[in-house]
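Please look over the sequence and the model shown below. The text after them goes through the structure part by part.

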Amino acid sequence: MSRIVLPAMAGLSFVSQWALGSPLSSGFLSSLPGLLDISAREATISSSCGTSGQASCHNTTSVSNLCCFEAPGGLLLQTQFWDTSPSTGPSDSWTIHGLWPDNCDGTFSENCDSSRNQNDITSLLQDAGADSTLDFMKEFWVDINGNDESFWAHEWNTHGTCYSTLRPTCLPSGSPDGTDAVAFFQTVVKLFKTLPTFTFLQNQGITPSSSKTFTLSQLENALTAEAGVKPALTCSGSNLNAISWYFNLKGSIIDGQFVPINSPESSSCPSSGIKYPLKSGSSSTSTGTSSTPTSTGTPGSLPSKATVHAIRSSGSTTGGLLSLGTWSTQTLATYTLSGTASSFTMTSSKGSCGVSSGKFACGSGVTSTTFSAISSGSNLLLASGGSTTFSSDGVPSGSTVFDVFSGSSHSQGYTLSIVGS
Ligand SMILES: *[C@@H]1O[C@H](CO)[C@@H](O)[C@H](O)[C@H]1NC(C)=O
């Protein structure tokens with residue numbers, strides 16, 4: 001049911017689209033009212049929506065404020081390519097295709113408002129002070145034929161203009177023209193950084209090879225073990241070629257919360273004999289999604305030792321994580337974090353930490369998974385599979401502790417703030 005992209009044109013246009021739809025995400029701007037300094041390099045725009053409302057596609061009644069509730073395109077797909085012929089992007093990272101807003105039933109709209117089309121994304125981002133987003137795009141959001149500029153414009157014009165929460169009337173008053181598109185590109189980059197498909201597979205022992213083949217369930221199980229949700233894989237013949245990570249959204253594309261969900265459609269790959277071909281070219285730089293730890297010390301970077309505190313929706317802090325990864329109000333454990341804010345692993349005195357079947361745990365038998373850290377106000381929030389939401393079956397006190405789950409499926413939701421120690 002997903003868009004089918006011919007490999008030779010991957011990244012430039014959709015060749016045919018079956019039943020499902022389109023894409024997108026949030027951002028930050030300079031010279032705007034209410035901006036929030038997130039990375040010390042790019043300011044962010046605030047939607048004032050918050051993230052406590054209903055998740056898109058999960059509302060039980062009609063929602064009237066579509067500035068803070070994505071509709072009708074509330075089924076979001078963050079799509080990525082693994083292009084090897086020719087090789088596109090770093091050899092150790094998948095590349096960005098886009099972020100598409102499908103309708104909840106999988107149908108979709110495109111080209112929703114040509115009056116907001118853009119044709120010079122580079123200048124737009126530069127003028128908005130979004131240079132770090134642009135730099136990242138030049139490395140990780142690349143067109144297979146080298147036409148990055150038209151690829152970016154296509155993604156905004158075709159899909160970005162369809163987001164209800166990015167309509168100009170939803171932006172802070174006084175926002176310059178094009179703020180909607182800048183927010184889109186910033187959100188796509190931010191979300192992509194939480195979905196390091198290459199590293200997810202590598203963590204599970206699956207790396208590109210000129211000879212090896214994989215079964216579809218091997219690939220799907222590996223990715224599901226890492227991310228906690230099942231993506232949809234696309235093959236070109238027997239070659240792994242693309243992936244779609246699915247989300248619903250709480251709040252606005254600008255600064256809302258992406259709630260990871262299992263793919264509502266199945267992968268298009270054969271059930272076995274799948275090749276994951278090698279890319280030629282060099283590996284990614286430190287800004288990317290590589291698992292290679294890079295030096296710290298950049299703004300918003302990750303502490304190497306930290307305690308992890310739970311912040312509930314009321315804003316109050318209630319305890320945090322113990323060394324087994326449970327939620328407690330007892331003395332918090334010190335965690336060792338390795339990697340960069342966009343991709344790191346965690347260990348406690350008990351062992352590696354990971355999310356498996358949605359549950360967070362640390363210990364000697366735990367398979368390490370990759371986390372990211374997302375700045376939110378003055379907090380650095382832990383994210384798993386793109387989501388900063390965690391939940392438990394109750395609130396701890398005294399000696400009572402609770403298991404921690406990624407996502408909001410348990411009754412008590414909270415975020416986890418990383419505090420350097
Ligand atoms: C959810 O909200 C949208 C937007 O208001 C509306 O079109 C849709 O019908 C709602 N869904 C339900 C089940 O009420």
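**A walk through the model**

With 20 C-beta neighbours inside 10 Å, alanine 333 counts as buried; a residue is buried if 20 or more other C-beta atoms lie within 10 Å of its own, exposed if 12 or fewer, and partly exposed in between, with C-beta atoms placed from the backbone. The structure is a predicted model, in which local features need pLDDT of at least 70 and side-chain atom pairs count only at pLDDT 80 or more, while totals for chains, interfaces and linings use all residues. Residues are numbered from 1 along each chain as its sequence is written.

Alanine 333 sits in the loop between β10 (327-328) and β11 (335-340). Helices (H or I, at least four residues) and strands (E, at least two) are DSSP runs, numbered from the N terminus. Beyond its neighbours within four places in sequence, alanine 333 is in contact with Thr307, Leu321, Leu322, Ser323, Ser348 and Ser349; two residues are in contact if their C-beta atoms, placed from the backbone, lie within 7 Å. Serine 348 is 15 residues away from alanine 333 in sequence, and their C-alpha atoms are 7.1 Å apart in space.

Another loop residue is threonine 370, between β14 (359-363) and β15 (372-376). Threonine 370 is buried, since 25 other C-beta atoms lie within 10 Å. Between threonine 370 and methionine 346 there are 8.0 Å in space, C-alpha to C-alpha, and a separation of 24 residues in sequence.

Now the protein as a whole. The protein has 6 helices and 19 strands. Of its 421 residues, 52% are buried. Among contacts with a separation of 6 or more, 69% come from residues 24 or more positions apart.

Where does the UniProt annotation "active site" fall? In an unreviewed entry, UniProt gives this annotation to His97, Glu155 and His159. They span 63 residues in sequence, yet no two of their C-alpha atoms are more than 11.4 Å apart, so they gather at one spot. UniProt positions are given in the numbering used here, feature names are shortened, and annotations may be inferred rather than shown by experiment. Glutamate 155 belongs to helix α3 (residues 148-158) and is buried, with 26 other C-beta atoms within 10 Å. Apart from neighbours within four places in sequence, glutamate 155 is in contact with Gly98 and Gly160. Histidine 159 lies in the loop between α3 and α4 (179-193), and is buried because 29 other C-beta atoms lie within 10 Å.

In α4, 15 of its 15 residues are buried. At 1.5 Å a residue, the 15 residues of α4 should span 21 Å, and the end C-alpha atoms are 21 Å apart, which agrees. The expected span of a helix is 1.5 Å times one less than its number of residues.

Strand β5 (residues 232-236) is mostly covered, with 5 of its 5 residues buried. In a regular strand the side chains alternate between the two faces of the sheet. Both faces of β5 are covered: Ala232, Thr234 and Ser236 are buried on one side, and Leu233 and Cys235 on the other. β5 runs antiparallel to strand β6 (residues 239-250), and 5 bridges join them; two strands pair if DSSP finds at least two bridges between them. Across this pairing, threonine 234 stands opposite alanine 242 in β6. The two strands form a hairpin with 2 residues between them, and glycine 237 in the turn has a positive phi of about 65°.

Next comes the ligand. Around the ligand are Asn59, Thr60, Thr61, Ser62, Val63 and Ala71; a residue is near a molecule or strand if its C-beta atom, placed from the backbone, lies within 6 Å of it. This shell divides into 2 nonpolar, 4 polar and no charged residues. Here Ala, Val, Leu, Ile, Met, Phe, Trp, Tyr, Cys and Pro count as nonpolar, Asp, Glu, Lys and Arg as charged, and the others, Gly among them, as polar.

Some backbone details remain. Most residues other than glycine have a negative phi, and most peptide bonds are trans. A cis peptide bond joins alanine 71 to proline 72, with omega about 5°. Asparagine 111 is not a glycine but has a positive phi of about 50°, and is exposed, with 12 other C-beta atoms within 10 Å.
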